[in-house]
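Please open the model in your viewer and keep the selection tool at hand. The tour goes from one selection to the next and says what is found at each stop.

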Amino acid sequence: MDPFSKFAFTKRQSNYVGANKVEEVYTPQAYINGQNPTLGSDKVKINAAIEKVTSESSALNLTTAKSPLSTSDTLVIDYTATKTNPNYSLVITIVQEEATTKITKGENAGKTLSYTNIVRELSISPLSVLKGTVKIAVKNLSLKNGFKVLAFAQQKQTKKIIAVSQLLL
């Protein structure tokens, strides 16, 4: 069992499959800019797709900051966008940069697996105001080292990423 899996992540992946009109959900599966499902371990293909989309300009800018109202149980993120759109979602993820787990059962018993850039929490809301605040429960996470916030504006139907902001915690 994946120690980092959550129903919300599975549901989100299924939404990508529907938006791209493909029939298969698998792990590891990567979507670059909401499109073109790719095997998550195909670094060459993924890096080429990322290179292509990062060279494109955006009509929207997004900034994020950790609010002083944050507590050990709740991360409060303030955001500013240069425009709103009823077809855009604001997606905020809490990402753990790396982790390892020891496998105790099954065919991989005794092995240690290493992970990078693990989404630990996910918040999706309409991008309906230029300035706003998002609260994310983080009581089960120690955000002192090795965590970051990745926020992005995303077109709801096509899943295309419109703007991105990164905040180191």
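Select Lys159 to begin: at 14% relative accessibility this residue counts as buried, where buried means under 20% relative accessible area, exposed means over 50%, and partly exposed lies in between (1.4 Å probe, protein chains only). Lys159 sits in the loop between β8 and β9 (161–168), and its phi is positive, about 70 degrees, although the residue is not a glycine. Helices (H or I, at least four residues) and strands (E, at least two) are DSSP runs, numbered from the N terminus.

Before going on, note that this is a predicted model, in which local features need pLDDT of at least 70 and side-chain atom pairs count only at pLDDT 80 or more, while totals for chains, interfaces and linings use all residues. Residues are numbered from 1 along each chain as its sequence is written, and side-chain values use heavy atoms, with hydrogens and water left out.

Next, select Asn117, which is found in strand β6 (residues 112–126). Asn117 also has a positive phi, about 50 degrees, without being a glycine, and with a relative accessible area of 48% Asn117 is partly exposed. Which side chain makes a polar contact with the side chain of Asn117? The partner is Lys148, at 3.2 Å; a polar contact is a pair of N or O atoms within 3.5 Å, where within protein one must be able to donate a hydrogen and the other to accept it, and residues adjacent in sequence count only if both atoms are side-chain atoms.

Move on to Lys148 itself, in strand β8 (residues 147–155). Lys148 is buried yet has no salt bridge, and Glu97, the nearest side chain of opposite charge, is 4.5 Å away. Here a salt bridge is a side-chain nitrogen of Lys or Arg within 4 Å of a carboxyl oxygen of Asp or Glu, while for charge Lys and Arg count as positive and Asp and Glu as negative, with His and the chain ends not counted.

Now select Arg12 in helix α1, which is likewise buried without a salt bridge, the nearest side chain of opposite charge being Glu121, 13 Å away. The side chain of Arg12 does have a polar contact of 2.8 Å with the side chain of Gln154.

For the last stop, select the residues that line the second largest pocket, among them Ile32, Asn36, Lys45, Glu56 and Lys160. On a 1 Å grid over the protein atoms alone, a cavity is a set of points where a 1.4 Å probe fits but cannot get out, whereas a pocket is an open set with protein on both sides within 12 Å along at least five of seven lines, and lining residues have an atom within 4 Å of a point. At least two lining residues come from each of β2 (35–39) and α2 (43–54), and α2 gives the largest share, 4 residues.
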